[in-house]
Amino acid sequence: MKVTVVGCSGSFPGPGNAASCYLLEAGGFRVLLDLGNGAVGALQEYCTVGDIDAVLITHLHPDHCMDLLSLYVARTYDPRRGYPVIPVHAPAGAATHLARAYGRAEPPGLTGCFDFVDWSEGRHEVGPLSVSVAPMAHPVPAWGIRVEHAGRTLAYSGDTGPCDGLLEIAHDADLALFESSFEQGRDDAAPPDLHLTGGEAGEYASRAGVRRLVLTHLPPWNDPDLSLAAARTAYSGPVELARPGSTYEL
Ligand SMILES: [Zn+2]
Ligand SMILES: [Zn+2]
């Protein structure tokens, strides 16, 4: 599997960095993990909008799903050719949520472009990928994603507070993309079940036995060095910050 960081800015786009979106390529198949604000622009640095075979959405906050509307426009109204309908695996209610955001009544909503599939616990076959999800701890229904292909495993937290689901999706993973939105001290009074600190991301990566940790979803107001240092106190494996354009071969 090859993973490309399309955008990794936490909660809203930053300068030169779209909100969450990761391009996963395996076996000739291209899948997007989340499609946050601004991500379709950045995506076109790496492939065309017509190259995408499926989209996996962790939750319905705008920084994780709102550029599905841009992908809809780009695939639906391209004058050169028609594109096939692609599956969008997402929390229940996504089809209605996004149709409303677009101002489109249902039916048809966005069904001419996307085939929405509700997440449920258990395995989902997405092209050549084996995908499983676990509920995360967040103010809206949110799913962490585990992708397995050819003996390699990628784990992606989406947004979450500390929870056992992280261990479920990330055990023995070759690469874990864990969010690190919060800073210890600054965010100690924040509500629970919202986000991880760098230290918590490191702690869960360590407990899950992941081989490599990449910190994602840092909002533009964070000091990335603090998040990285905190993760290193709890995780002894290789850890780095996600950056737009970074790639990982698993
Ligand atoms: Zn987010
Ligand atoms: Zn969120």
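This is a predicted model: local features need pLDDT of at least 70, side-chain atom pairs count only at pLDDT 80 or more; totals for chains, interfaces and linings use all residues.
Start with an open sheet of 7 strands. Their order is β6-β5-β4-β3-β2-β1-β14, and the pairing is mixed. The edge strands are β6 and β14, the latter covering residues 247-249. Each of these two pairs on one side only. From one strand to the next, the twist averages 20°.

Strands of a sheet pair through backbone hydrogen bonds, either parallel or antiparallel. Both senses can be followed here, strand by strand.

## Parallel pairs around β5

Strand β5 spans residues 86-90, and strand β4 spans residues 54-56. The two pair in the parallel sense over 2 bridges. Leu56 has His89 of β5 as its bridge partner.

His89 also links onward: its bridge partner in β6 is Val117. Strand β6 takes in residues 114-118 and runs parallel to β5, with 5 bridges joining them. Helix α4, residues 94-102, belongs to this region too. Together, β5, α4 and β6 make a right-handed β-α-β unit.

## An antiparallel pair

Elsewhere in this sheet, strand β2 (residues 21-26) meets strand β3 (residues 29-33). These strands run antiparallel and are joined by 5 bridges. One residue pairing to look for is Leu24, whose bridge partner in β3 is Val31.

## A glycine in the loop

Gly14 lies in the loop between β1 (2-7) and β2. Gly14 counts as partly exposed because 19 other C-beta atoms lie within 10 Å, while a residue needs 20 or more to be buried.

Leaving aside residues up to four places away in sequence, Gly14 touches Ser9 and Pro220. Leu218 is 204 residues from Gly14 along the chain. The C-alpha atoms of Gly14 and Leu218 are separated by 9.6 Å.

## The sheet from β7 to β13

Another open sheet is formed by 7 strands, in the order β7-β8-β9-β10-β11-β12-β13. Its pairing is mixed. At the edges stand β7 (122-126) and β13 (239-241). Each has a single partner strand, so one side of each is left without a neighbour in the sheet. The twist in this sheet averages 20° from one strand to the next.

Within the sheet, strand β10 (residues 152-156) runs parallel to strand β11 (residues 175-179). The two are joined by 3 bridges. Leu154 has Leu175 in β11 as its bridge partner.

Helices pack on this sheet. α6 touches β11, β12 (213-216) and β13. The direction of α6 makes about 150° with that of β11. α7 also packs on the sheet, touching β12 and β13. The direction of α7 makes about 165° with that of β13.

## Where α6 meets α7

Two packed helices are described by the angle between their axes and the distance between the axes. Helix α6 covers residues 198-208, and helix α7 covers residues 224-234. They pack at an angle of about 35°, with their axes 7 Å apart. The crossing of α6 past α7 is right-handed.

From α6, the contact involves Gly198, Gly199, Ala201, Gly202, Glu203 and Ser206. From α7, the residues include Leu226, Leu228, Ala230, Ala231 and Arg232. The contact residues divide into 6 nonpolar, 6 polar and 2 charged.

Key:
Residues are numbered from 1 along each chain as its sequence is written. Chains are lettered from A and ligands numbered from 1 in the order in which they are written. Two strands pair if DSSP finds at least two bridges between them. Helices (H or I, at least four residues) and strands (E, at least two) are DSSP runs, numbered from the N terminus. A crossover is right-handed if, with the strands pointing away from the viewer, the path from the first strand over the helix to the second runs clockwise. Axes are lines fitted to C-alpha atoms, for helices over the stretch in contact, and angles run from 0 to 180 degrees between N-to-C directions. A crossing is left-handed if the near helix is turned anticlockwise from the far one by less than a right angle, and right-handed if clockwise. Two residues are in contact if their C-beta atoms, placed from the backbone, lie within 7 Å. Ala, Val, Leu, Ile, Met, Phe, Trp, Tyr, Cys and Pro count as nonpolar, Asp, Glu, Lys and Arg as charged, and the others, Gly among them, as polar. A residue is buried if 20 or more other C-beta atoms lie within 10 Å of its own, exposed if 12 or fewer, and partly exposed in between; C-beta atoms are placed from the backbone.
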